[in-house]
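Trainee: I would like to learn how to read a protein structure. Could we go through one together?

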Amino acid sequence: TSEITLKGSVEIVSDFFFTAINSILYQRGIYMPETFKRESKYGLTVLTTTDKGLLRYLEAVQKQVEQWLLLGNIQRLVVVVQGVDSMETLERWQFNVTVESQKGQENGENSQPNVSSTSSSSDGKKGKSLKEIHNEIQAIIRQITASVTFLPLLQEPCTFDLLVYTDKNVNVPTKWADSDPCYILNSSEVKLRSFTTSVHKVDSMVAYKEADEWEL
């Protein structure tokens, strides 16, 4: 089996982020279900937005994330789900990125995540096949789909933001700005599966606000 290159790994991780974000937006009802189309990917039927504004935003973020991945500057991507009226963070989907060859090195993480100002509402082994990687990604997408069974019902219209944690000295485009981390106090957390390309490892988790805290 041919070894995955850095560029190949960046494409796999970036494509996973795009698919995972779309799945979260669909499953959590952030956008209307009729604005999504069905596609076959990773041996699954996945849903992708057809909303032109959202697509432009996601593609711009994806392009920047790919640059940071190539340079090894990205540490995590977070999808924040917030109530439109309350502006309270209700869910925080976190995807941590580790460069397999740099495990244990101090990267000097930037404690303030970067957010685009244009925003809208397992162990690695050499020679891992694309099918093995896709199987691991499939398991994560399945968990996102199944999340409706354990996440509290969102009681108000919600919007989302994307936060990207990078190394401190990274060059950040002018359209991006420092953001509040949008943590959830006294949150419950569910660790999701991980996948590795042998170059990058991505760990996934979701933190959410317990329903009984905001049901009056």
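Trainee: Leaving aside neighbours within four places in sequence, which residues is Ser147 in contact with?

Mentor: Good place to start! This is a predicted model, where local features need pLDDT of at least 70, side-chain atom pairs count only at pLDDT 80 or more, and totals for chains, interfaces and linings use all residues. Residues are numbered from 1 along each chain as its sequence is written, and side-chain values use heavy atoms, with hydrogens and water left out. Contact means heavy atoms within 4.5 Å. By that rule, the partners of Ser147 are Arg28 and Trp93.

Trainee: Is Ser147 buried or exposed?

Mentor: Ser147 sits in the loop between helix H3 (130-146) and strand S6 (158-166); helices (H or I, at least four residues) and strands (E, at least two) are DSSP runs, numbered from the N terminus. Buried means under 20% relative accessible area, exposed over 50%, and partly exposed in between, using a 1.4 Å probe and protein chains only. Because its relative accessible area is 1%, Ser147 is buried.

Trainee: Which residues have the most contacts inside the largest nonpolar core?

Mentor: A nonpolar core is a set of buried Ala, Val, Leu, Ile, Met, Phe, Trp, Tyr and Cys residues joined through side-chain atoms within 4.5 Å. The largest one here has 51 residues, and those with the most contacts inside it are Phe16, Trp93, Phe95 and Phe160.

Trainee: What is the relative accessible area of Val10, and which residues does Val10 touch beyond four places in sequence?

Mentor: Val10 belongs to helix H1. Val10 is buried because its relative accessible area is 4%. The C-alpha atoms of Val10 and Leu69 are separated by 6.1 Å, although the two are 59 residues apart along the chain. Not counting residues up to four places away, Val10 touches Glu66, Leu69, Leu70 and His200.

Trainee: What separates the C-alpha atoms of Leu55 and Phe18?

Mentor: Leu55 is part of helix H2. Its contacts beyond four places in sequence are Phe18, Thr49 and Thr50. Leu55 and Phe18 are 37 residues apart along the chain, and their C-alpha atoms are separated by 9.8 Å.

Trainee: Is Leu71 buried or exposed?

Mentor: Leu71 lies in helix H2 (residues 52-71). Since its relative accessibility is 62%, Leu71 counts as exposed.
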